[in-house]
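Welcome, and please take a moment to turn the model around before reading on. We will go from ring to ring, then along a strand, and end at a helix.

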Amino acid sequence: MGTQHVVTMLPGEGTGPEICEAVRLVIDASGVNIKWEYEEIGLDCLEKHGTLLPDKTVQAIARNKIALKGPTTTPIGTGHKSANVTLRKVFDLYANVRPAKLIPVLKRPWDKIDILNFRENTEDCYAAIEHMVSDEVAQCLKVITWPGSYRIAEFAFKWAKANGRKKIYCVHKANIMKMTDGLFLDAFREVAKKYPDIESGDIIVDNCCMQLVRNPAQFDCLVLPNLYGDILTDLCAGLVGGLGFAPGANVGDNCAIFEAVHGSAPKYAGMKKVNPSAVLVSGIMMLRWMKEEAAADRITKAMFAVLDERKHVTYDVGGTATTDEYAQAIVDKMHAKA
């Protein structure tokens with residue numbers, strides 16, 4: 001066995017525990033040496049301990065500096081705040097990296113999509129500064145800072161350079177929000193001067209949506225403020241196979257947390273029918289972050305093979321396999337290749 005890694009596992013709630021367990025089965029079978037430390041987060045945790053994020057969980061993530069997280073539930077329009085947003089603020093996970101890469105065996109109208117999205121993760125409307133101006137008027141404050149904008153642009157250019165990417169677009173609405181989005185764009189342009197080998201440009205967010213739908217292959221990397229990033233990364237996920245295959249990484253200077261983009265789907269909890277691929281692909285991102293490229297490649301090849309055969313796939317891709325049967329088929333495929 002190679003170097004042992006210690007990873008904090010955050011199963012979350014709803015379908016989170018069952019899909020995280022299936023993903024752990026696959027990752028362990030890849031040959032990588034991981035000691036998993038399970039910790040609690042989310043709604044179940046709030047009900048049991050009165051907090052979304054217990055100190056024990058915070059301490060484990062701070063100690064291990066890397067975590068794999070299942071989905072959590074955030075109520076709409078009322079109720080408790082988002083556990084995800086809380087986690088990002090506590091650890092200052094300012095960069096949200098969401099690849100949208102076409103999976104070959106999932107048929108789509110395009111031949112090639114390979115977009116890297118870099119979403120600012122701590123500012124914008126997600127600062128959660130809201131108040132009632134009167135009984136009929138609610139106001140949300142959009143917060144954009146130069147340091148926050150500069151560091152996500154710097155993060156994106158560094159990542160692009162390290163991974164051979166060629167072009168980055170800044171997505172904004174600076175034609176209307178000239179101060180906030182204008183500041184975000186100015187910071188991007190300032191950073192771009194330091195990377196003359198990478199082509200850079202900018203595009204208004206509404207036009208970007210239209211261009212993504214008509215010709216997604218034209219985009220390589222996108223840098224986005226928080227809210228646009230949340231929306232457009234889901235759009236990109238829809239282009240390549242849906243949220244069931246959309247991974248994400250929340251990265252700060254001191255730790256990284258990898259998670260699926262989708263929610264907890266509580267109505268399916270316990271049924272073991274949900275596709276665990278989004279958490280699994282997030283786990284593959286995590287393995288590459290840990291420099292465990294061989295294990296990441298083994299899982300990727302086995303997953304593609306199982307999807308291509310379509311004998312043991314979940315309902316969302318036209319099959320009848322359970323979460324566990326799909327995971328076990330990937331494990332069997334890895335062993336068959338050995």
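Two rings of Phe, Tyr or Trp (for Trp, its six-membered ring) form an aromatic pair if their centres lie within 6.5 Å; the pair is stacked with planes under 30 degrees apart, edge-to-face over 60, and tilted for the rest. By this rule the count comes to 11 aromatic pairs. One of them joins Phe118 and Trp159: the ring centres are 6.0 Å apart and the planes stand at 65°, so this pair is edge-to-face. Phe118 belongs to strand E5 (residues 114–120) and Trp159 to helix H5 (residues 146–162), so the pair ties together parts that are 41 residues apart in sequence. Trp159 also forms an aromatic pair with Phe155, a tilted one, with 5.6 Å from centre to centre and 40° between the planes.

A few words on how to read these names and numbers. This is a predicted model, in which local features need pLDDT of at least 70 and side-chain atom pairs count only at pLDDT 80 or more, while totals for chains, interfaces and linings use all residues. Residues are numbered from 1 along each chain as its sequence is written, and side-chain values use heavy atoms, with hydrogens and water left out. Helices (H or I, at least four residues) and strands (E, at least two) are DSSP runs, numbered from the N terminus.

Phe155 and Trp159 both lie in helix H5, four residues apart, which is about one turn of the helix. An α-helix has 3.6 residues a turn, so residues three or four places apart point the same way. Are Phe118 and Trp159 buried or exposed? Both are buried, where buried means under 20% relative accessible area, exposed over 50%, and partly exposed in between (1.4 Å probe, protein chains only). Ring pairs also link Tyr94, Phe118, Phe155, Trp159, Phe258 and Trp289 into a cluster.

Elsewhere, charges meet rings. A charge sits over a ring if NZ of Lys or CZ of Arg is within 6 Å of the ring centre and within 35 degrees of the ring normal. Arg119 lies over the face of Tyr126, 5.1 Å from the ring centre, and the charged end of Lys273 sits over the ring of Tyr315, at 4.6 Å from its centre.

Now find strand E12 (residues 256–260), where five of the five residues are buried. Ala256, Phe258 and Ala260 point one way from E12, and Ile257 and Glu259 point the other way. In a regular strand the side chains alternate between the two faces of the sheet. Two strands pair if DSSP finds at least two bridges between them. A hairpin of four residues joins E11 to E12.

Next comes Leu87, in helix H4 (residues 83–90), which is buried with a relative accessible area of 3%. Beyond its neighbours within four places in sequence, Leu87 is in contact (heavy atoms within 4.5 Å) with residues including Leu53, Lys69 and Ile257. Leu87 and Leu53 are 34 residues apart in sequence and 7.5 Å apart in space, C-alpha to C-alpha.

Our last stop is helix H10 (residues 293–309). Among its buried residues are Ala295, Ile299 and Met303. Just after H10, Arg310 takes a positive phi of about 60°.
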